[in-house]
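Open the model in your viewer and keep the selection panel at hand. Each stop below says what to pick and what is there.

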Amino acid sequence: MSSPTPDALLGPADIRELAAVLGVRPTKQRGQNFVIDANTVRRIVRTAQVRPDDVVVEVGPGLGSLTLALLEVADRVTAVEIDDVLAGALPATITARMPERAERFALVHSDAMHVTELPGPAPTALVANLPYNVAVPVLLHMLDTFPGIERTLVMVQSEVADRLAAAPGSKVYGVPSVKANWYAEVKRAGAIGRNVFWPAPNVDSGLVSLVRRTEPIRTTASKAEVFAVVDAAFAQRRKTLRAALAGWAGSAAAAEVALVAAGVSPQARGESLTVEEFARIAENKPRNQPQNQPRNQQENAA
């Protein structure tokens with residue numbers, strides 16, 4: 001094992017040597033691409049505005065590149081890792097390279113989608129290089145499960161970053177955009193080149209910043225009710241909302257009643273609506289409407 005570098009962070013040679021010792025090869029199944037550039041992980045920490053009093057949760061720490069950079073600044077870091085080998089090795093890496101901070105590190109060996117509690121103080125920030133294949137569901141699960149997370153910075157596939165940060169009216173505005181905006185103000189926070197990863201991915205990466213809303217969306221509808229409208233609207237995104245929400249409301253006519261009551265044009269499409277407008281539609285869902293009518297009774301004209 002290499003001796004610790006002066007700044008304790010992992011460089012390309014350190015990453016490859018660690019991987020060789022552990023017999024680790026990054027797998028496409030888990031979307032593993034390890035960051036090998038110390039400047040990049042420090043940039044991520046700066047962009048995330050990690051503070052000395054922050055309790056940071058990191059998802060998918062891998063070999064520990066970003067973990068060490070977070071430990072340089074944050075009060076505590078809790079890493080959630082699903083891989084058996086990586087989870088087993090990370091505490092030793094932290095102890096070897098940053099012994100003075102090791103007691104401020106905790107590891108949760110679990111699938112992030114199943115994590116409902118974390119050791120120690122509640123997290124105030126989420127910073128992660130998220131696997132491309134599960135980035136959105138993991139992000140939404142963590143924001144929902146840990147309401148104390150005020151600031152989030154995630155590195156994801158560039159296309160996913162665009163979708164998360166898209167505004168109404170954009171061609172890539174969709175379910176991830178609306179659901180992320182339910183929790184936070186979302187924006188793109190930079191791009192990451194392919195050459196800082198091992199192995200280099202076939203796609204570009206982007207940083208997305210999410211700052212938790214100080215005031216939740218004002219609505220009498222539950223999150224589940226609002227998200228049901230969002231899912232229905234984008235399941236048939238080329239259709240007007242009157243047609244797309246017919247199944248949700250019980251019929252196209254019932255959908256039109258809900259839309260008009262919410263102040264939304266029945267001829268609009270989901271890609272033009274804000275999260276607040278989706279919430280108003282959810283509030284006005286017709287009650288006691290039949291949910292499954294014969295196809296010929298539904299009015300699905302776009």
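Predicted model: local features only at pLDDT ≥ 70, side-chain atom pairs only at ≥ 80, totals over all residues.

**Stop 1**

Now select β2 and β5. How do β2 and β5 run, parallel or antiparallel? They run parallel, and two bridges join them. Pick Val 56 to see a residue that stands opposite Ala 125 in β5.

**Stop 1: helices across the strands**

**Stop 2: an enclosed helix**

Select helix α5, residues 135-145. Eight of its eleven residues are buried, so α5 is largely enclosed by the rest of the structure. Colour the buried ones: Ala 135, Val 136, Val 138, Leu 139, Leu 140, His 141, Met 142 and Leu 143.

What do the buried residues of α5 pack against? Strands β2 (55-59), β5 (125-129), β6 (151-157) and β9 (205-212) are there, along with helices α6 (158-165) and α7 (175-183).

**Stop 3: a pair of helices**

Move to α2 (residues 38-47) and α3 (residues 65-73). They pack at an angle of about 50 degrees, and their axes are 9 Å apart. Angles from 65 to 115 degrees would count as roughly perpendicular and those under 35 as roughly parallel; α2 and α3 are therefore oblique to each other. The crossing of α2 past α3 is right-handed.

Show the side chains at this contact. From α2, pick Val 41, Arg 42, Ile 44 and Val 45. From α3, pick Ser 65, Leu 66, Ala 69, Leu 70, Glu 72 and Val 73. By class, the contact of α2 with α3 has seven nonpolar residues, one polar and two charged.

**Stop 4: one residue**

Finish at Gln 157, in strand β6. Is Gln 157 buried or exposed? Its relative accessible area is 18%. Buried means under 20%, so Gln 157 is buried. Leaving aside neighbours within four places in sequence, Gln 157 is in contact with Tyr 132, Val 203, Asp 204, Ser 205 and Gly 206.

Definitions and conventions. Residues numbered from 1 in each chain as written. Heavy atoms only, no water. Axes fitted to C-alpha atoms, helices over the stretch in contact; angles between N-to-C directions. Helix = DSSP H or I, 4+ residues; strand = E, 2+ residues; numbered from the N terminus. Parallel < 35°, antiparallel > 145°, perpendicular 65-115°, else oblique. Left-handed = near helix turned anticlockwise from the far one by under 90°. Contact = heavy atoms within 4.5 Å. Nonpolar A, V, L, I, M, F, W, Y, C, P; charged D, E, K, R; others polar. Buried < 20%, exposed > 50% of the residue type's maximum accessible area, 1.4 Å probe, protein only. Pairing = 2+ DSSP bridges.
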